[in-house]
2 protein chains.
Amino acid sequence: MKLIRSPLEMNKIISQAKRKNNIIGFVPTMGALHAGHLSLVKQAVKESDLTIVSIYVNPKQFGAGEDLKQYPRFVKKDIKLCRSLGVNFLFLPNDKAMYPQGYSTFVDVEGLSRKLCGAFRPGHFKGVSSIVAKLLNIVTPDILYLGQKDAQQAIIIKRLVQDLNFRVKVKVMPIVRAKDGLALSSRNVYLSKKERNDSLVLYKALLLAKSMFDNGQRNSTRIVARMKQLVSNKKPLKIDYISIVDPVSLENVKKINQDCLVAIAVKIGKIRLIDNIRLNNAN
Amino acid sequence: MKLIRSPLEMNKIISQAKRKNNIIGFVPTMGALHAGHLSLVKQAVKESDLTIVSIYVNPKQFGAGEDLKQYPRFVKKDIKLCRSLGVNFLFLPNDKAMYPQGYSTFVDVEGLSRKLCGAFRPGHFKGVSSIVAKLLNIVTPDILYLGQKDAQQAIIIKRLVQDLNFRVKVKVMPIVRAKDGLALSSRNVYLSKKERNDSLVLYKALLLAKSMFDNGQRNSTRIVARMKQLVSNKKPLKIDYISIVDPVSLENVKKINQDCLVAIAVKIGKIRLIDNIRLNNAN
């Protein structure tokens, strides 16, 4: 596995590889890799001739007062993990390489970026969209691997890829959960034991939604009300939103006669947690 | 020369050509081709293995009340011209292909897009940046040819290419002028004889700036004042701006100790005309 820090060098290596018709698989990350990330990497290694992983904590997707400085960084461990899984190139750019002086171009998926988490993290998805556009141009992958944990992010990037005619297939891999049910997230390391225990209610609320749906409930207001009730029992948790939405437009769904995304976001202290589940209508 | 209307087909053809290491030259246009466009096309044909010209009147770069509907369209003539010059592929997408339902992604070069013409045409450069990003992904050219006539546009696109890591060289070709000095523009067809005659003052004002500069004047306020005086003599012309700016940042320059761009924009009736000249400091 080769470590690459220069966008230009990364791009040149890939350009050569593409001339040999190699299939390029790409997993963009902010590091602090957990089993969720690794499931993406493993899938990429399985399906691609060359697997590229990027680790870059993108400052432009953190809002003022968010956890940019505190964001967990375990680069040495990440490098070992990537090497052990058969990654070919690990792209590790720094801020100066990604945002040189005078940088001023941003990509925004309007509409979708304002909904759900976007309402609570203004500018976040613009930062994500911009860095993803850059990384797609640098790495020019054939397949881009994203995690379902960040459902809105995946939906936005799919839209971006389609709208801007990027020639890449987007694969969204399932959420990986800890044994206790908590969706894996680099930010989970922030949680105290008590907070972690309280946070388990997120997945419980999602399972409640699924169970109500499986038992025939199609009224999303009723499902959301029950979820809110359950989550509210855990006093330290402040709900940002609990929503049942269309998985392409992110518009609220009232009567669930289609495939839906149930998404939840809470704050516990300074930590923000998100989770989601799909409701699949067989009709 | 092959006419192509589907972005996907265009992209596939280019992908195949790139595997053979062909150099791809690309000239994006809104049609109504004049000798200015053709100078770009000729340069592309000279330097590239494959020359692609696109003709697409991009609705997203026209503001409300602007001339989208009236914009001159001479596609049959354009096709003949491109064929005669040795263009290999003419890309002619329609609105549905470029902006399918649900389209919502925009690229914005912040700062640069608000200055000069951007202040008078809100959203214009966002529309330009977005369509150029799309076209670059569809055509994946090695060289992109732009005209110096639209100086701000060229500056913005250079910034966009650098910021988003597009792997393309941007070449800006000199302004082509009619014998009377008027910079060629597709919109010149709108001008009456009288209006056209009045419009000649734009180039005269730019030549005045150049002459003052060549005679040692380095105070941009004085140069601009004299230009404004000259242009104001032609009553039908309303000045949007006359500015002397840095050709990378578009910031106003007070004392001209560097290469500068002198840019002018006026309205004459409903028609908007722009022109510019470079001042090159040998020091």
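1. Two strands are taken to pair if DSSP finds at least two bridges between them, and helices (H or I, at least four residues) and strands (E, at least two) are DSSP runs numbered from the N terminus. This is a predicted model, in which local features need pLDDT of at least 70 and side-chain atom pairs count only at pLDDT 80 or more, whereas totals for chains, interfaces and linings use all residues. Residues are numbered from 1 along each chain as its sequence is written, while chains are lettered from A and ligands numbered from 1 in the order in which they are written.

2. On the interface, the contact draws 24 residues from chain B and 24 residues from chain A, where two residues are in contact if their C-beta atoms, placed from the backbone, lie within 7 Å. The elements giving two or more residues to the side of chain B that touches chain A are α1 (7-19), β5 (105-109), α6 (124-139) and α7 (151-163) of chain B, and β5(B) supplies the largest share of that side, with five residues. By class, that side of chain B holds 11 nonpolar, six polar and seven charged residues; here Ala, Val, Leu, Ile, Met, Phe, Trp, Tyr, Cys and Pro count as nonpolar, Asp, Glu, Lys and Arg as charged, and the others, Gly among them, as polar. Because 100% of the interface residues of chain B are also interface residues in chain A, the copies meet through the same surface.

3. On the domains, chain A is divided into domain 1 (2-173) and domain 2 (186-277), with bounds that come from an automatic or database domain assignment. The C-alpha centres of these two domains of chain A lie 26 Å apart, and their contact takes 12 residues from domain 1 and 13 residues from domain 2. On the side of domain 1 of chain A that touches domain 2, α5 (117-120) and α7 (151-163) of chain A are the elements that give two or more residues, and α7(A) gives the most, with three residues. The residues of that side of domain 1 divide into nine nonpolar, two polar and one charged.

4. On the sheet of chain A, three strands form an open, antiparallel sheet in the order β8-β9-β10, with β8 (237-245) and β10 (271-279) of chain A as the edge strands, each pairing on one side only. Nine bridges join β9 (residues 260-268) of chain A to β10(A), and Val262(A) stands opposite Ile277(A) in β10(A).

5. On one position in chain B, Ile55(B) is found in strand β3 (residues 50-55) and is buried, with 23 other C-beta atoms within 10 Å; a residue is buried if 20 or more other C-beta atoms lie within 10 Å of its own, exposed if 12 or fewer, and partly exposed in between, with C-beta atoms placed from the backbone. Leaving aside neighbours within four places in sequence, the contacts of Ile55(B) include Val75(B), Leu90(B) and Leu92(B).
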